[in-house]
Each structure stands twice: as structure tokens, then as C-alpha cells.
Amino acid sequence: MASFASRSVRILHWVGPGAGLSVFFLALLSCLLGMSERASAQGSQEIPFYKHTIDLEQSEAAEVADVNGDGKLDIISGENWYEQTTPGKDGPRWIKHHFRDLPFYRFDGKYQGAYLEDLGDLAIDVNGDGYPDVVTSWWGDPAVSTAPSLTWWENPGKSNKPWVKHVIDEGVPVEFALLVDILNTGGKPQQLLPEYGNINAPLKWYEIVGKGEDAHWLGHVVSPNSYGHGIGAGDVNGDGRMDIITPKGWFEAPPDPRNGEWVFHPEFDLGETGFIYTMDVNGDGLADLVTSLGHSYGIFWYEQKKDAQGKRSWVKHYVDNAWSQSHAMTIADLKGDGKPVLVTGSPGGSRIISTVLQVIVNVLDYDMDVASAVAAPRLHHQWLPDEVRIERGFPDDVIAALKAKGHIIIEPLGQTSANSIAVTDHGLFGAPDPRSRGSEAAGE
Ligand SMILES: [Ca+2]
Ligand SMILES: [Ca+2]
Ligand SMILES: [Ca+2]
Ligand SMILES: [Ca+2]
């Protein structure tokens, strides 16, 4: 265990090379509490974040869940949870509830700094009473072989009873864990996958068994040892089963994740990562890995490649290597705002559809600016008559190739006019269609 993540939040905007894929990474280096003064954005496409101080308590982690079941999301962090109440003029107000005492470590000499034993919080209803409980990961005291490392805290719900601590595992440090859908239900992730901070500890995942007072976490061993700093899950080989990913390679899920053999594929060495995610970044149908270094510089993705024999290899691509300690990255759609990105249209009867489609494809798939997308030559085919109508401007070899395939190529296309407006982070950009005289598309 080296130093813990600094308390700051930075937002990156990264446009992937794939088909119009726009992905935003929100790297939560610490938690909702203790955000930097005003999170800065890299690059030009800024999404501003403003700091709202809720509490200045010590904490290492935070989770969001409706703790009291009133329909409003609350925050769980450290020894407290913060009840969301009626908004005031500055946004939601929060009532602090102290619900547990946690060990607080002050290191001297061997370790620098200090921390609260609350390295990860995950909200999940363990006992099935409708109230979210909290799974908390602990580093544990290395000097005590029975020190708890994974605990769950039972939410008392409407009763006035205290929260009850239950031990899931002990004696092995757990720096972080995540909830995953190892049982491939397609629903909300309900299984627990911890990162053991000792390679001699068996790699395990846990499921909830029993209800009410009988509810507990049952561990399933995947491998007799662990594989270092970082953990994740995702369907690496595309067979519909959730695999487990470590920094040294991935475990292929068997048909029965509880009983089958998990085959290890030591295909990469990612370093000391945080969470490891799968995502088809370049849209080629193969799951890629997205991760970050927890104690060094870099957020990156590993492109999955397969040769003709089906042999897998991985190519590293940086998303950003300008800053360090991205220990607990998560992936979020920060632009999931439902706002339009392009306004376009055209006259032209049956040619309307092909014109609009080509403008959209030019902008989203070919990353053209809106003016180029509108000006680019168009083609049209409507099945009957069986001919390709084209505008001037297509390369001769493309036309020759179409003719060689038996297409009948006819010029001209016929009138279309796709005056368009692109909605960008820099404002609105209008693009009049040069095919129409006197047209105008105003931006701002
Ligand atoms: Ca609530
Ligand atoms: Ca519960
Ligand atoms: Ca799989
Ligand atoms: Ca891919």
C-alpha cells in the first residue's frame, strides 16, 4: 500500500477513434466529499463542476444510495451517512448521521500520512429488507491475522437500532472491491469482487446467500493466489459470461461460475492499476480494457486484437498521461443530457433520407466539421430504379469500382439542400449548403 489518492477531481473529454463514439471518463480520485475548489477540465470541451462542501470529516470513500428509503439519494462516507433533504437555494441540504466508528491509523516512519479504515463503500441490500446495506473494504491491521478486511454494515431501516457490523473476510488486506454480475443475470450487479492486497491470498468472488438474519456472503475461489494491485470484470472474449480481470491477465469464466474451472490467460501486465473495465472502445466488436494506474501516471485503454488464428494480443493506447494517482476511476456518461448534437434536413423527395443520413454519418462517423459534412458529395439509391445517382466529386476509382460491381452510375443526383446546425461545446455552428444559392444557417 503506497500513498492514497489525493482529493481532487478532474474531468477529461476524449473522443474515441470509433464510429462516433464519444466517451467521458470521470476519474473520481477520492470521493464526493473533498472535491477540489473547482474541478478543472482538460482540453477545450469543458464540463464545469462546482464544489459544494458537505462535511470536512476524514474519509477515503463515498457511495450514493437511498439509505432511508424516502426516494432521495443519500451519501455514505466514512463514519457517516448524509441524508438528502429539501433543497435550499444552493441545492440539496444534508443531515449528517454518524452510524459507525472506524479505526483511524496514523503512520509514522514506515508509512507516511494517516487514513480512516474505509477504503471502499458499496451499497447493496444484503438481507433483502429493502434498505441498502454497506459493504466496506479495509486494509486491516497487518499485525493482526484476524483483522477484518471486508465487512458489511446492516442498515437498521426505520428502527432506531444501531447499524450492525458483519465480517465477510478477515486477515487479508482489501484495498478496494466492486459489485459485479458474475452470475450473468443481466441485472444489477449483486456479486462482490475484492482486490486482495496480498498475492498469497486466494482470488475470490462472493455472492449473497440466505435472507434476513441468515443472509451472508459466500466466497467462491477462482484461483489459489491473487495477482496484484487492480481488479475488474467484464466479458473479455465475448461469450456472454463475465470474466475476471487482474493486472497480470484475465480469468475466463466457465459455464457455471460457482463450480467450473476459471482458465487464466496471462496476456498482459498492466502495472498497479485501479479498477479495470471492459468497453469496446474502437467499435470493432472486441472488448477492450480501460484502466488507470493507481500510483503512477496514466489513464489508458488496451485494444484487443485477434490474428487470423484467433490468437489474442493487446495494444496500449493512452487516454491521458498528464496526471497520476487515478486509483478509483469510474466510467460515466457525463454528456447524457439528451441535448441535440446536429440539426439537419433537406428537400428532395426520396433523396431526403439519403441526404440526411450522409450528413449525419459524415459528422458522427467521419468526424467532419458540419460545413465539410454538408459540402461533401452525396449519392442516392432507392432500389427502383436500380441506379446510383451521384454528385460530382467522388474519386474516379470509387466510381470505377461501383461500375465493376454492376452498378449503373448516373449523374446528376438531383436537388438536395441540407442546411445544418451543429451543437458543439463551443457553441452553435451553422453550415449553409453550397448547393443552394442565398441559403443561410446561422450559428451564434
Ligand atoms: Ca434518502
Ligand atoms: Ca438491508
Ligand atoms: Ca467471457
Ligand atoms: Ca475493440
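Reader: In which strand is L293 found?

Author: L293 is found in strand β22, which covers residues 288-293; helices (H or I, at least four residues) and strands (E, at least two) are DSSP runs, numbered from the N terminus. The model is predicted, so local features need pLDDT of at least 70 and side-chain atom pairs count only at pLDDT 80 or more, while totals for chains, interfaces and linings use all residues. Residues are numbered from 1 along each chain as its sequence is written, and chains are lettered from A and ligands numbered from 1 in the order in which they are written.

Reader: Is L293 buried or exposed?

Author: A residue is buried if 20 or more other C-beta atoms lie within 10 Å of its own, exposed if 12 or fewer, and partly exposed in between, with the C-beta atoms placed from the backbone. L293 has 23 C-beta neighbours inside 10 Å and therefore counts as buried. Of the 444 residues of the chain, 32% count as buried.

Reader: Which residues does L293 touch, not counting residues up to four places away in sequence?

Author: Two residues are in contact if their C-beta atoms, placed from the backbone, lie within 7 Å. By that rule, and with residues up to four places away in sequence not counted, L293 touches G271, E272, T273, G298 and S326. L293 and M329 are 36 residues apart in sequence, and their C-alpha atoms are 9.4 Å apart in space. For the chain, among contacts between residues at least 6 apart in sequence, 43% join residues at least 24 apart.

Reader: How many residues has the largest nonpolar core?

Author: In soluble globular proteins, nonpolar side chains tend to be buried together. A nonpolar core here is a set of buried Ala, Val, Leu, Ile, Met, Phe, Trp, Tyr and Cys residues joined through C-beta atoms within 7 Å. The largest one has 58 residues, and those with the most contacts inside it are I76, A177 and L193. Strand β13 (residues 174-180) gives the largest share of this core, four residues. Leaving aside neighbours within four places in sequence, L193 is in contact with A177, L178, V180, W205, I231, A233 and I244. A second, separate core has eight residues, including V359, V363, V370 and A422.

Reader: In what order do the four strands of the open sheet that holds β3 stand?

Author: Strands of a sheet pair through backbone hydrogen bonds, either parallel or antiparallel. Two strands are said to pair if DSSP finds at least two bridges between them. In this sheet the order is β3-β4-β5-β6, and the pairing is antiparallel. The edge strands are β3 (63-65) and β6 (91-98), each of which pairs on one side only. From one strand to the next the twist averages 30°, where axes are lines fitted to C-alpha atoms, for helices over the stretch in contact, and angles run from 0 to 180 degrees between N-to-C directions. Three bridges join β3 to the antiparallel strand β4 (residues 74-77), and A65 stands opposite D74 in β4.

Reader: Which strands stand at the edges of the sheet with β26 and β31?

Author: That open sheet has three strands in the order β26-β30-β31, with antiparallel pairing. Its edges are β26 (342-343) and β31 (427-431), each with a single partner strand, so one side of each is left without a neighbour in the sheet. Strand β30 (residues 420-424) pairs with β31 over five bridges in the antiparallel sense. A422, one of the residues of the second core, stands opposite F429 in β31.

Reader: How many of the residues of helix α3 are buried?

Author: The chain has three helices and 31 strands. In α3 (residues 396-404), the number buried among its nine residues is zero, so the helix lies largely in the open. After α3 comes G406, whose phi is positive, near 100°.

Reader: Where do the backbone angles call for a second look?

Author: Most residues other than glycine have a negative phi, and most peptide bonds are trans. Q325, although not a glycine, has a positive phi of about 70°; its place is in the loop between β24 (312-324) and β25 (329-331), and Q325 is buried, with 21 other C-beta atoms within 10 Å. W383, also not a glycine, has a positive phi near 75°; W383 is found in the loop between β27 and β28 and is exposed, with 7 other C-beta atoms within 10 Å. The peptide bond from L384 to P385 is cis, with omega near -5°, and P385 has its place in the loop between β27 (379-380) and β28 (388-390). A cis peptide bond also joins E411 and P412, with omega about 0°, and P412 is found in the loop between β29 (409-410) and β30.
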